[in-house]
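Subject: Structure handover

Hello,

Please find the structure below, followed by notes on what turned up in it. Could you read the notes with the model open?

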Amino acid sequence: MKAKHQQTRITYRRRMVVGIVALVIVVVGATFVLGRSAPTSRDSRSGSTRPKVTHHLPAVFNGPDGVEARWVIEQNKLPGTSAWKITGTQAPGAIMGYTNRPQARLGQAVNVYVSTVAPTFRIQAFRMGYYQGLGARLIWTSRRLRGVAQPSCGASAPLYMVQCNWSRSTTFTITKAFVQGDYLLKLEGSGGQQSYIPLTVWDPSSTATYVVMNAVFTWQAFNPFGGYDLYQGATPEPGYPPPNRSRVLSFDRPYGYGNGAANFLTNEYPLVRYMEKHGLNVTYWTNITLTVHGGLLTEHRALLSLGHDEEWSTRMRANTVAAANRGVNLVFFGASPILRKVRLQSSPLGPNLEVVNYRDPQADPLYGVDNARVTQNWWGQPPANLPAAQLIGNTYIGYNNNQSFPLVVTDPHSWLYARTGLTKGSTIPNLLKYDFDGYDPSRPNPPGVEILSHSPVVIGFDNQKMYADTTYVTNRTSQAGIFESGTNNWIAAMQPCGSSTSSCPSHLVRILTGNILKLFGAGPSGITNPSVANWSTYYP
């Protein structure tokens, strides 16, 4: 009997110990969930993890690839669809359209103007993101609308501005269903005709970590709809830039490339998809937002300029410099940022819908009248005399649209190359293409520029051999970090390469992008990772 009672006590003590251990595990687990991390599942990209149970997560927390937000994670768990994609061969001009505002916020009405050969059509609004890999979520569908072939949109000297004057097809309102984000309005005719209209839905009350800025000024600069853009006219004329180029670019017309989406799907969407997949705490702007509401930039930690963002207004730049001086980090994923100086003016549809750039400052009617707003071919010429290098520490050196080059690692111990296993001299294949930036010691660069990659490239128009540089510099006063990739191909290179692996840069570029967003999302990056000047090693 005694042995039996002793065994019972031992069993009881064991159960007590097991119970206490279990309680400790529960408490620790709960603390883990309610703190900065959460229960997770494996992410196949790089072994990083992904939260599973969102209702226990804090609203904002640190993740392996940057600052995450519960609302973004929850949003991308909602049903997605691949129906946003254009299918079949599309005849030019079969269906096309534009809106009265490139960006909208809650409560605003969006007018849509459509021209089509189809008897009827409908509009679907897709919020672009990850959504279980399907890429978008359907938010709104219009009723079936009557198709109309709208009048052509002409242009004439001296402005060569293409501006449409179409009848309104329909109007919809930005309701709470339109969560802030990048949207594609898909126009679909009854005969299978399809195209896009891009729309940014923004939230002026946001305090998100990251601001993703759609480069709508540059989209318009290269918009060939109607035959004229900032770089060419409808007929070839000698000289560069040709005399019959546009001096004013109107948003009151469709985009004549990218199936109506301009450069969004190639130069911007891969980053948007990445950020939404990883639940990053993001808000969405356009160049117009930074121009008109740029004072709000100090409510955020990092401004992300995307794949091709060369047209900048005076107020865009002033707002960005002011924010950087107060500790807001800047990421320039594309080369040639802040290259050309533009200004905004109203169109018949509303304010800030025409982008002005005479390129020759002396031809601008404001020359000698309001030189602060005079437009220029590049920011470094008079009267502005403010090359982009003064802020960024990197300079546009040329382009190659036909040939790609590897990025060459020069500073493998940098935070940029964490988790990659890359060493000095390692290369990332096929990353450098299109526009290139390189360090130019003759420019008024900020002190402390650190060159993270120094890669030989060939300039396409004259076969000159030069170096494209990835640079990083920190503001000595505010400690804000400024990153510049050196290529326009960075975001496009984040896309998977299909069956190719050995020559595909996407895996490594996604890791580098996560390192950038993680560091720059934590606050002024110079506090923990001040730049270390090494430019004289490469440009003695």
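Cys497 and Cys504 form a disulfide, with 2.1 Å between their sulfur atoms; a disulfide here is a pair of cysteine sulfur atoms within 2.5 Å. The link of Cys497 and Cys504 is right-handed, with 75 degrees about the S-S bond. Cys497 is partly exposed at a relative accessible area of 34%, whereas Cys504 counts as buried at 14% (buried is under 20% relative accessible area, exposed over 50%, partly exposed in between, with a 1.4 Å probe and protein chains only).

This is a predicted model, in which local features need pLDDT of at least 70 and side-chain atom pairs count only at pLDDT 80 or more, while totals for chains, interfaces and linings use all residues. Residues are numbered from 1 along each chain as its sequence is written, and side-chain values use heavy atoms, with hydrogens and water left out.

By the sulfur rule the count comes to two disulfides. The other pair is Cys153 and Cys164, joined with an S to S distance of 2.0 Å. The torsion about the S-S bond of Cys153 and Cys164 is about 105 degrees, so this disulfide is right-handed. Both cysteines sit in the loop between strand E10 (145-146) and strand E11 (170-173), 11 residues apart. Helices (H or I, at least four residues) and strands (E, at least two) are DSSP runs, numbered from the N terminus. Cys153 is buried at 11%, and Cys164 is buried at 7%. Counting bonded cysteines along the chain, the disulfide pattern is 1-2, 3-4.

The loop between E10 and E11 also holds Pro158. The peptide bond from Ala157 to Pro158 is cis, with omega near 5 degrees. Another cis peptide bond joins Tyr240 and Pro241, where omega is about -10 degrees. Pro241 is in the loop between helix H3 (216-221) and strand E15 (248-250).

Next, the backbone torsions. Ile338 is not a glycine, yet its phi is positive, at about 50 degrees. Ile338 lies in the loop between strand E19 (329-332) and strand E20 (340-347) and is buried, with a relative accessible area of 1%. Arg359, also a residue other than glycine, has a positive phi near 65 degrees. The place of Arg359 is the loop between strand E21 (350-356) and helix H7 (389-392), and Arg359 is buried at 3%.

On helix packing: helix H4 (residues 264-277) and helix H8 (residues 506-520) pack at about 65 degrees, with their axes 12 Å apart. Axes are lines fitted to C-alpha atoms, for helices over the stretch in contact, and angles run from 0 to 180 degrees between N-to-C directions. H4 and H8 are therefore roughly perpendicular to each other (under 35 degrees is roughly parallel, over 145 roughly antiparallel, 65 to 115 roughly perpendicular, the rest oblique). Leu271, Tyr274 and Met275 of H4 make the contact with Arg510, Thr513, Gly514 and Leu517 of H8, contact meaning heavy atoms within 4.5 Å.

Last, Ser195, in strand E13 (residues 194-201). Ser195 counts as buried, at 7% relative accessibility. A polar atom of the Ser195 side chain lies 2.9 Å from the backbone oxygen of Ile95. Leaving aside neighbours within four places in sequence, Ser195 is in contact with residues including Ile86, Ile95, Met96 and Asn259.

Regards

Definitions and conventions:
Polar contact = N/O pair within 3.5 Å; in protein donor to acceptor, adjacent residues only side chain to side chain.
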